[in-house]
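User: I have a structure to read and want to learn how its features are described. Can you take me through it?

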Amino acid sequence: MTKIKNDLLLRALHKEEVERPPVWMMRQAGRYLPEYIRIKEKYDFFTRVQTPELACEITLQPVELVGVDAAIIFSDILVIPQAMGLEVLMEENKGPSLPKTIKTEQDIDALITTGVEESLHYVMQALALTKQALNGRVPLIGFAGAPWTIFCYMIEGKGSKTWDKAKQFAYTHPLLAQRLLQKITNITIDYLKAQVLAGADTVQVFDSWSGALGPNDFKLFAQPYLIQIADALQNDVPVILFPKGSWYALKDLSESNAAGLGIDWCIRPEMARSLTGNRITLQGNFDPAKLLAPIGEIKQAVKEMINSFGTRQYIANLGHGITPNVPVDHARAFVDAVKEYTPQKV
Ligand code: CP3
């Protein structure tokens, strides 16, 4: 096995000493990079996702062009509904849609929960190819959507500001909802384990829409499944959970078997630290829209962010995905500012 030369991310997740915090950006592959747009003009979304050579090329772009300390495999969270037998369409610049949503118990019972190693074989191939191409430069991150977030898309059939249909289903049929969430959890665990076998050094679970739930409902419909995933993977690789918006869950999740917790920009680093103690590595939490500010402002804000988190048990990142309108030199300034950081003398 090739030794990883820049293993800052893995050391931060293992609570080890680091020269400086590692840095990567959620949704760093794609969107804002002209080199990605050129590939996007030639191949549709799922062709890009399902062709290992293309996925590998896209995954490497931010490592080579922006200098991040980790690669995250180019794919999408909605490959899991596809593996479970649901059709997912991706309309360019409009977002995903599922023509047939989950409405009944029969719909849930018809879902496939096995054979993900075969149905999503192309993801594992993309990971293996990327691992080889990286040649130990930086760690490779695998990922999946969290059960609650996948549930949201399966019920609503498309993105939503409020996720009220998904919540209506959960609040009206809690047992059925839990049956569906458990099915998603089971296949997601198999999927993440297959990603690890294919070469992922760590995995992140994106609960992008968990913040739509209040604390009590999060405990019913999100937390148990995140915990099951962290438990199942803990002996394989470090697991990063990203329950966006669910700051109320940070204490509980810091006591789980996850190694890292992603946080968004709506919570102060000091508060996140006080809720999580030194139990877990924190990742975040730069407002992605601040990448649109002048470069001097970005650099200053990065310095303040690291001062607040400290350099240990910390991964510099955004508080959500980078948006398509970010100039590449601003993304690079964010990464450079972390690399240039020198601890404050007190
Ligand atoms: O870091 C990376 O970019 C790796 C690849 C990646 C994609 N999707 C590629 C993609 C990752 C990690 C995701 C995760 C994902 N997908 C999430 C969780 C993260 C988050 O942002 O909250 C969610 C909710 C999705 C579902 C999804 N996929 C949506 C809502 C959309 C449309 C809006 C958009 O542009 O994000 C997608 C499409 C998608 N997935 C694109 C990319 C690069 C954009 C389409 C394109 O470039 O052609």
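Analyst: Start with the elements. Helices (H or I, at least four residues) and strands (E, at least two) are DSSP runs, numbered from the N terminus. The model is predicted: local features need pLDDT of at least 70, side-chain atom pairs count only at pLDDT 80 or more, and totals for chains, interfaces and linings use all residues. Residues are numbered from 1 along each chain as its sequence is written, and side-chain values use heavy atoms, with hydrogens and water left out.

User: Which helix gives the most to the lining of the largest pocket?

Analyst: That is α2, with three residues. Other elements supplying at least two include α3 (45-50) and α9 (147-156).

User: Is strand β8 covered or exposed?

Analyst: Buried means under 20% relative accessible area, exposed over 50%, partly exposed in between (1.4 Å probe, protein chains only). β8 (residues 281-286) is mostly covered, with six of its six residues buried.

User: Which strands pair with β8?

Analyst: Two strands pair if DSSP finds at least two bridges between them. β7 (residues 260-262) pairs with β8 in the parallel sense, over three bridges. Gly262 has Gln283 in β8 as its bridge partner. β9 (residues 314-318) also pairs with β8 in the parallel sense, over five bridges. There, Phe286 stands opposite Leu318.

User: How does the chain cross from β8 to β9?

Analyst: A crossover is right-handed if, with the strands pointing away from the viewer, the path from the first strand over the helix to the second runs clockwise. From β8 the chain passes through helix α16 (residues 295-309) to β9, and this β-α-β crossover is right-handed.
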